[in-house]
Amino acid sequence: MSPTPIASKSKSKEPALSDQEIQQNYVRLQNELQTLAGKIGELEQEADEHGLVLSTLNEALAEEPSRKCFRLVGGILVERTVKDVVPALQTNRDGIRKVIANLTEQYNTKEREFDSLKKEYNIRPVGAM
């Protein structure tokens, strides 16, 4: 039977969610957290790779700035000099770091939302005693 209007008014202003809706929200938030965590990890690895390449190129920049190097741009390998590539790589690495910071903030927001859902509906993972 459907709840009476009096019973629904005594609860919060939002309509009560069914068990199925609660489970869907739980799974959705869990999947979003996993997706964000995976993307953050992937971008952190890419930023680390940029740092490694930059440390190598900075040595070459100090010794021989006009030295040839190759860079993959849009799937095409192009020949450049070290002095041309280093600033572009630094800009890319800084951009990746900004995206990581943004995604981390999104992750933290989702995690708070997930925790409040678990607390509100007293959700505990099965087997956690």
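**Figure 1. Helices and strands of the protein chain.** The protein chain has three helices and two strands. Read from the N terminus, these elements follow the order α-α-β-β-α. The model shown is predicted. Of the 129 residues in the protein chain, 19% are buried. The chain exposes about 10000 Å², and carbon and sulfur atoms supply 53% of that area. Among contacts between residues at least 6 apart in sequence, 66% join residues at least 24 apart. Across the whole structure, a search finds seven salt bridges. Some of these are shown in the views below.

**Figure 2. Arginine 28 and glutamate 32 within helix H2.** The side chains of arginine 28 and glutamate 32 form a salt bridge, with an N to O distance of 3.3 Å. Both residues belong to helix H2, which covers residues 19-63. Because they are four residues apart in this helix, about one helical turn separates them. Arginine 28 has a relative accessible area of 34% and is partly exposed. Glutamate 32 is also partly exposed, at 25% relative accessibility.

Figure 3. Glutamate 32 pairs with lysine 110 in a salt bridge whose closest N and O atoms are 2.8 Å apart. Glutamate 32 lies in helix H2, whereas lysine 110 lies in helix H3 (residues 82-120), so the pair ties together parts that are 78 residues apart in sequence. Lysine 110 counts as partly exposed, with 22% relative accessibility. The cut-off for a buried residue is under 20% relative accessible area, so lysine 110 at 22% is not counted as buried.

**Figure 4. Aspartate 115 and lysine 118 within helix H3.** A salt bridge joins the side chains of aspartate 115 and lysine 118, with 3.9 Å from N to O. This distance falls inside the 4 Å limit, so the pair is counted as a salt bridge. The two residues are three apart in helix H3, which means that about one helical turn lies between them. Aspartate 115 is partly exposed at 38% relative accessibility. Lysine 118, with a relative accessible area of 23%, is partly exposed as well.

Figure 5. Glu32 is one of the shared partners, as it bridges to Arg28 and to Lys110. In general, side chains of opposite charge can pair when their charged atoms come close.

Methods. Residues numbered from 1 in each chain as written. Predicted model: local features only at pLDDT ≥ 70, side-chain atom pairs only at ≥ 80, totals over all residues. Heavy atoms only, no water. Buried < 20%, exposed > 50% of the residue type's maximum accessible area, 1.4 Å probe, protein only. Contact = heavy atoms within 4.5 Å. Areas by Shrake-Rupley, 256 points an atom, 1.4 Å probe, with all protein chains shown as cover.
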